[in-house]
Amino acid sequence: MKKALVVWGGMELHTPERSANVVRELLEAEGFAVTVTSDYEALGADDIASNDLVVPVITDGVLAPEKMANLVAAIRAGTGLAGFHMGLATSFRSSVPFRYAASVYWVQHPGNIITYTVDVKRGDHPIMADIGSFEHTSEQYYLNYDPAVDVLATTTFSGEFHPWRKDVVMPVVFTTMHDQGRVFYSSLGHTADELVGPVREILRRGLVWAAR
């Protein structure tokens with residue numbers, strides 16, 4: 001049986017505990033043994049590499065350098081890393097090794113909650129198969145991201161709120177590798193209530209894809 005560790009915390013606006021339990025439900029339905037905790041230290045435990053997948057549902061946060069070294073070593077050896085919205089994009093912002101593994105960094109959401117289009121670019125990928133482009137009402141994340149990522153879906157900024165970013169095409173869903181570890185990220189899912197429909201299905205598939 002595959003093992004997953006889901007760690008939640010940070011800004012309550014992001015409903016981290018509820019969102020972490022959505023992740024638990026998705027993974028348990030796929031046959032994973034799932035541990036859910038608010039203890040960040042679990043991510044740097046000596047046995048972290050025994051997990052097939054780790055999912056930080058964390059806004060910001062701090063992990064001691066030696067603990068972070070354990071986590072990054074586990075990812076490099078094959079433990080999958082997955083996140084959505086604030087998870088990965090804002091988690092452990094002060095840690096350069098984690099930023100390198102996560103491959104993404106949140107910088108802005110112009111207009112805050114708005115309706116925008118998610119455009120599927122890789123319908124041939126198992127995460128996006130049979131999912132067409134769709135409208136979504138939430139924060140439209142403007143990201144700094146690693147050019148090594150494989151972009152599966154994008155959004156285009158209209159310029160209505162920040163005219164100097166008009167027509168910028170931004171990844172919404174991507175995958176990549178960090179050495180031997182698979183990495184999945186979706187910017188969708190501001191709160192647990194948004195983890196429905198195609199957003200939920202993309203997350204479910206991405207979690208399964210990222211697991212060792």
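This is a predicted model: local features need pLDDT of at least 70, side-chain atom pairs count only at pLDDT 80 or more; totals for chains, interfaces and linings use all residues.
View A. Helix H2 itself comprises residues 65-77, 13 residues in total. From its first C-alpha to its last, H2 reaches 18 Å, close to the 18 Å expected at 1.5 Å a residue. Which residues of H2 are buried? They are Met68, Leu71, Val72, Ala74 and Ile75. Around the axis these residues cover an arc of only 155 degrees, which puts them on the same side of H2. In general, an α-helix has 3.6 residues a turn, so residues three or four places apart point the same way. The face of H2 that is turned away from the buried side carries the exposed residues Glu66 and Ala77. The cover over the buried residues of H2 includes the strands E3, E4, E10 (169-178) and E11, together with helix H4.

**View B. Helix H1 spans residues 16-29 and is followed by glycine 31.** H1 has 14 residues. The distance from its first C-alpha to its last is 20 Å, close to the 20 Å expected at 1.5 Å a residue. The buried residues of H1 are Pro16, Ser19, Ala20, Val22, Val23, Leu26 and Leu27. Viewed down the axis of H1, these buried residues fall within an arc of 150 degrees, so they line one face of the helix. What do the buried residues of H1 pack against? Their partners are the strands E1 (3-9), E2 (33-37), E3 (53-58) and E4 (80-84), as well as helix H5 (197-210). Beyond the helix, glycine 31 has a positive phi, near 90 degrees.

**View C. Alanine 192 lies in the loop between strand E11 (181-186) and helix H5.** Is alanine 192 buried or exposed? Its relative accessibility is 10%, so alanine 192 counts as buried. With its neighbours within four places in sequence left aside, alanine 192 is in contact with Thr15, Arg18, Ser19 and Val22. Serine 91 is 101 residues from alanine 192 along the chain, and the C-alpha atoms of the two are separated by 17 Å.

**View D. Leucine 88 and phenylalanine 92 both have a positive phi, although neither is a glycine.** Leucine 88 lies in helix H3 (residues 86-89), and its phi is about 80 degrees. Leucine 88 is buried, with a relative accessible area of 0%. Phenylalanine 92 is found in the loop between H3 and helix H4 (96-102). The phi of phenylalanine 92 is near 50 degrees.

**View E. Phe92 forms one aromatic cluster with Tyr40 and Phe98.** A pair of aromatic rings is described by the distance of the centres and the angle of the planes. The structure holds five aromatic pairs. In the pair of phenylalanine 92 and phenylalanine 98, the ring centres lie 5.4 Å apart and the planes stand at 80 degrees, so the pair is edge-to-face. Phenylalanine 92 is buried, with a relative accessible area of 1%. Phenylalanine 98 also counts as buried, at 0% relative accessibility.

**View F. Histidine 136 lies in strand E7, which comprises residues 134-139.** At 9% relative accessibility, histidine 136 counts as buried. Which residues is histidine 136 in contact with, leaving aside its neighbours within four places in sequence? The contacts are Ile114, Thr115, Tyr116, Val118, Leu188, Glu194 and Val199.

**View G. Arginine 182 lies over the face of tryptophan 209.** The distance from arginine 182 to the ring centre of tryptophan 209 is 4.5 Å. According to the unreviewed UniProt entry, the annotation "domain: ThuA-like" covers residues 3-210. The end C-alpha atoms of residues 3-210 lie 12 Å apart. This span is 25% helix and 33% strand.

Note on methods:
Residues are numbered from 1 along each chain as its sequence is written. Side-chain values use heavy atoms; hydrogens and water are left out. Rings of Phe, Tyr and Trp (its six-membered ring) pair if their centres lie within 6.5 Å; planes under 30 degrees apart count as stacked, over 60 as edge-to-face and the rest as tilted. Buried means under 20% relative accessible area, exposed over 50%, partly exposed in between (1.4 Å probe, protein chains only). A charge sits over a ring if NZ of Lys or CZ of Arg is within 6 Å of the ring centre and within 35 degrees of the ring normal. UniProt positions are given in the numbering used here, feature names are shortened, and annotations may be inferred rather than shown by experiment. Helices (H or I, at least four residues) and strands (E, at least two) are DSSP runs, numbered from the N terminus. The expected span of a helix is 1.5 Å times one less than its number of residues. The arc is that of the directions from the helix axis to the C-beta atoms. Contact means heavy atoms within 4.5 Å.
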